[in-house]
Amino acid sequence: MKKNNRIFCFGEVLWDEVNGEDVPGGAPLNVAYHIGKDDRFEVHLVSCIGDDAAGACMLSLIDGWSIDRQFVQSTADYPTGRVVANVSDRNKVSYDILQPVAWDYINEDSALSDCLHEDDCLVFGSLSCRNMKSRQTLFTLLSQKCFRIFDINLRGNYYDEETLSVLLENTDLLKISDEELVMVTRLFQPTMTTATEKEQLRTLMSRFNIGAAIVTRGADGASYYTTEGHWDVPGVRVAVVDTIGCGDAFLAAFLRYRLTGTSLETTLNNAMLTGAFIARQKGGCPPYTLADLETFISEKSTGEFGRFSAH
């Protein structure tokens, strides 16, 4: 991966209702929140909020998080996004994602197109494409030269084969969970549903010419795949409060460490531990400092950073 320090996170910004309490969320916001704690990075959020009290409160939080919000649009036609999270199973949260909401209507912005450069990173997911307006805006951004990071983030019925095809065709780094890989295999490679994870992912990467991919398995670890081989990192067990945003924290940490020159093995280890660190807290954007995180990583690291397997 190229070394660069500008990250653009595109998509949903919303309030997660968890046990009757509202906490800020949405995968793009979560990723931006965690990377924004590192002052070596310039983090931009690209989204839309409602012209309402919920939106004003969200903007107030973002302003305190070292996230640039010049590309966060506002509309009086739709409310700020909201999701009702069911955390009865702390290890597998389910979501009721309300619609239509403001982030379904992210308009194209020529200033954003001019600002996005070849060395910048663009983080996006599939959920932001559930509405034609935001979907077309994202497709236009993906046509520009930059490093494109697809956190596939399948939710409910808010995805289809045609849209996923376009997104995968415009992906440089794919992040996908083991469960999502099974779902995507059923769509694109139905004859490979009984194949191994490695076979399924290699076929997917080859079909869409994806250079690198991360498969996450929650507490069971993760793997990073390239054309040369793959690296496995073991999971870590912690007392889980909820798993909201843990995958987003993993991705943010992976980018934060890797883009600043950290070795792949250490990057994967630290990303896994970052996800575990967030699982011990409530919501996808819990309060913490980088010093808190580094202390946790130091205490939990065993020195065994996984293994490499040749292709």
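How many cavities of 30 Å³ or more does the count come to in this structure? The count comes to 2 cavities of 30 Å³ or more. Before I go through them, a word on the source: this is a predicted model, in which local features need pLDDT of at least 70 and side-chain atom pairs count only at pLDDT 80 or more, while totals for chains, interfaces and linings use all residues. Residues are numbered from 1 along each chain as its sequence is written, and side-chain values use heavy atoms, with hydrogens and water left out.

Let me start with the cavities. By cavity I mean a set of points, on a 1 Å grid over the protein atoms alone, where a 1.4 Å probe fits but cannot get out, and lining residues are those with an atom within 4 Å of a point. Grid points are joined across faces, edges and corners, and a volume is the space filled by probe spheres set on the points. The largest cavity has a volume of about 50 Å³, and its lining consists of E12, A27, P28, V123, F124, G125, D151 and N153. Two elements, α1 (27–35) and β8 (121–124), each supply at least two residues of that lining; helices here are DSSP runs of H or I with at least four residues, strands are runs of E with at least two, and both are numbered from the N terminus. Sorted by class, the lining of the largest cavity has 4 nonpolar, 2 polar and 2 charged residues, where Ala, Val, Leu, Ile, Met, Phe, Trp, Tyr, Cys and Pro count as nonpolar, Asp, Glu, Lys and Arg as charged, and the others, Gly among them, as polar.

The second largest cavity holds about 40 Å³ of space, and the residues that line it are H34, A249, A252, A253, R256, T274, Y288, L290 and L293. Two or more residues of this lining come from each of α8 (246–258) and α10 (290–300), and α8 gives the most, with 4 residues. Here the division is 6 nonpolar, 2 polar and 1 charged.

I would like to go back to D151, one of the residues lining the largest cavity. D151 sits in strand β9 (residues 147–151). Is D151 buried or exposed? D151 has a relative accessible area of 6% and is therefore buried, the term meaning under 20% relative accessible area, with exposed meaning over 50% and partly exposed in between (1.4 Å probe, protein chains only). The side chains of D151 and K175 are joined by a polar contact of 3.2 Å, that is, a pair of N or O atoms within 3.5 Å, of which, within protein, one must be able to donate a hydrogen and the other to accept it, and residues adjacent in sequence count only if both atoms are side-chain atoms. Apart from neighbours within four places in sequence, D151 is in contact (heavy atoms within 4.5 Å) with F124, G125, S126, K175, D248 and L251.

Now to the aromatic residues, where a search of the whole structure finds 10 aromatic pairs. The rings of Y224 and W231 have centres 5.9 Å apart and planes at 50 degrees, so this pair is tilted, and both residues are buried. The pair of F277 and Y288, by contrast, is edge-to-face, at 5.2 Å centre to centre with 80 degrees between the planes. For these terms, rings of Phe, Tyr and Trp (its six-membered ring) pair if their centres lie within 6.5 Å, and planes under 30 degrees apart count as stacked, over 60 as edge-to-face and the rest as tilted. F277 is in helix α9 (residues 264–279), and Y288 is in the loop between α9 and α10, 11 residues apart. F277 is buried at a relative accessible area of 6%, and Y288, which also lines the second largest cavity, counts as buried at 8%. Y33, W65, F277, Y288 and F296 form one aromatic cluster.

Finally, helix α5 (residues 161–169), in which T163, L164, S165, L167 and L168 are buried. The cover over these buried residues includes β8, α4 (132–142), β9, β10 (173–177), α6 (178–188) and α7 (197–208). At the start of α5, a side-chain oxygen of D160 comes to within 3.1 Å of the backbone nitrogen of E162. From helix α4, F139 touches C129, T163, V166 and L167, leaving out residues up to four places away in sequence.

Technical notes. 1 Å grid on protein atoms, 1.4 Å probe; cavity = no way out; pocket = protein on both sides within 12 Å on 5 of 7 lines; lining within 4 Å.
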